Amino acid sequence: MSEITGTYRIVTEEEQSLRAKLERLTTKDHGPVFGKCEKLPEHTVQKAKDELNETDEKRESAIKEIQMMVKEKASSGDDLCKAVAEKVAGKEDGFFLRFIRARKYNINRAYDLLKGYVNFRQQYPELFENLTPEAVRSTIDAGYPGILPSRDKNGRVILLFNIENWDYEEITFDEILRAYCIILEDLLENEETQINGFCIIENFKGFTMQQASGIKPYELKKMVDMLQVFVHGDDLESFYKEIDPDILPADFGGNLPKYDGRTVSERLFGPRNDSEDTAL
């Protein structure tokens with residue numbers, strides 16, 4: 001008779017309970033979208049443990065490891081690696097953690113993502129020139145993009161883009177991308193968002209050739225470089241299985257009033273006169 005060897009760990013009743021909860025989450029089981037996360041829900045902590053292999057000890061060691069890697073890579077003399085070291089100088093541990101979580105604690109891949117983050121800013125400097133909340137507020141007021149104030153049942157932040165009413169002469173594609181950049185930077189400070197991620201809903205109903213002519217191929221490449229977009233067609237049955245219509249505005253087929261971008265920009269940046277004018 002052969003022996004079965006290996007390492008075993010007893011799963012506690014608390015872990016079993018939290019995993020069961022993860023199977024039946026609702027939109028009410030998550031923290032706020034805007035602002036920093038004061039305390040992660042216990043089921044989100046369990047999700048990070050199960051899906052990202054995250055523990056308190058591993059989190060601390062991973063941050064130290066990527067910080068050390070940044071220094072070592074910069075010493076090689078590679079220009080991009082040196083730029084990474086310059087960009088992250090003085091950054092708090094939480095900044096590194098978002099890249100580590102995004103790559104499930106694979107430090108080499110997390111560093112590559114950090115390099116991509118810096119390279120994107122070098123490749124498209126026009127998107128970051130004088131990039132402040134006030135510079136993009138009017139674009140966000142208009143709903144480009146939109147942000148739902150509630151997370152979906154999986155804890156994701158929902159971004160909206162309704163292309164039907166977009167006037168590319170009034171709001172350029174670069175202005176929209178600049179708004180995305182500052183929004184993503186702000187929302188990713190929230191640990192719950194780092195773990196649960198985003199879902200981006202693009203409504204292409206009514207998209208015209210005239211609007212298409214306003215988007216240049218190199219502009220589309222910018223967006224592809226920055227975002228992975230989910231596009232839904234006319235069959236919304238599977239869509240509503242993932243996104244509760246009770247958290248969607250009417251102009252996206254939901255049960256809430258029509259989307260109000262001004263309310264969202266105030267929740268992001270505060271009242272217009274009180275906004276902090278700090279470039280990224």
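With which residues is glutamate 192 in contact, leaving aside its neighbours within four places in sequence? In this predicted model, where contact means heavy atoms within 4.5 Å, glutamate 192 is in contact with His30, Gly31, Cys37, Leu40, Pro41, Thr44, Arg151 and Gly197. The model is a predicted one, in which local features need pLDDT of at least 70 and side-chain atom pairs count only at pLDDT 80 or more, while totals for chains, interfaces and linings use all residues. Residues are numbered from 1 along each chain as its sequence is written, and side-chain values use heavy atoms, with hydrogens and water left out.

The chain holds 13 helices and four strands, these being DSSP runs numbered from the N terminus (helices H or I, at least four residues; strands E, at least two). Of the 280 residues in the chain, 43% are buried, a term that means under 20% relative accessible area, with exposed over 50% and partly exposed in between (1.4 Å probe, protein chains only). Among contacts between residues at least 6 apart in sequence, 76% join residues at least 24 apart.

Glutamate 192 lies in helix α9 and counts as buried, because its relative accessibility is 2%. Its side chain reaches the backbone nitrogen of glycine 31 at 3.1 Å. Threonine 193 also has its place in helix α9, which spans residues 191-196, and with 1% relative accessibility threonine 193 counts as buried. The side chains of threonine 193 and arginine 151 are joined by a polar contact of 3.0 Å, that is, by a pair of N or O atoms within 3.5 Å, of which, within protein, one must be able to donate a hydrogen and the other to accept it, residues adjacent in sequence counting only if both atoms are side-chain atoms. When residues up to four places away in sequence are not counted, threonine 193 touches Arg151, Val157, Leu187, Leu188 and Phe198.

Val157 belongs to strand β2 (residues 157-162), of which six of the six residues are buried, so that the strand is largely enclosed by the rest of the structure. In a regular strand the side chains alternate between the two faces of the sheet. In β2, Val157, Leu159 and Phe161 point one way, whereas Ile158, Leu160 and Asn162 point the other way. Strands are taken to pair if DSSP finds at least two bridges between them. Strand β1 (residues 146-147) runs antiparallel to β2 and is joined to it by two bridges, glycine 146 having leucine 160 as its bridge partner in β2. Strand β3 (residues 198-203) runs parallel to β2, with six bridges between them, and isoleucine 200 in β3 stands opposite leucine 159.

Methionine 223, in helix α11 (residues 217-226), is buried, with a relative accessible area of 12%. Not counting residues up to four places away in sequence, methionine 223 touches Phe173, Leu177, Tyr180 and Glu202. The C-alpha atoms of methionine 223 and aspartate 174 are separated by 9.4 Å, although these residues are 49 residues apart along the chain.

A further contact joins two helices. The axes of helix α7 (residues 133-141) and helix α13 (residues 261-269) come within 8 Å and cross at roughly 150°, which makes α7 roughly antiparallel to α13, a description given to angles over 145 degrees. Pro133, Val136, Arg137, Ile140 and Asp141 in α7 meet Gly261, Arg262, Ser265, Glu266, Leu268 and Phe269 in α13.

Terms used: Axes fitted to C-alpha atoms, helices over the stretch in contact; angles between N-to-C directions. Parallel < 35°, antiparallel > 145°, perpendicular 65-115°, else oblique.
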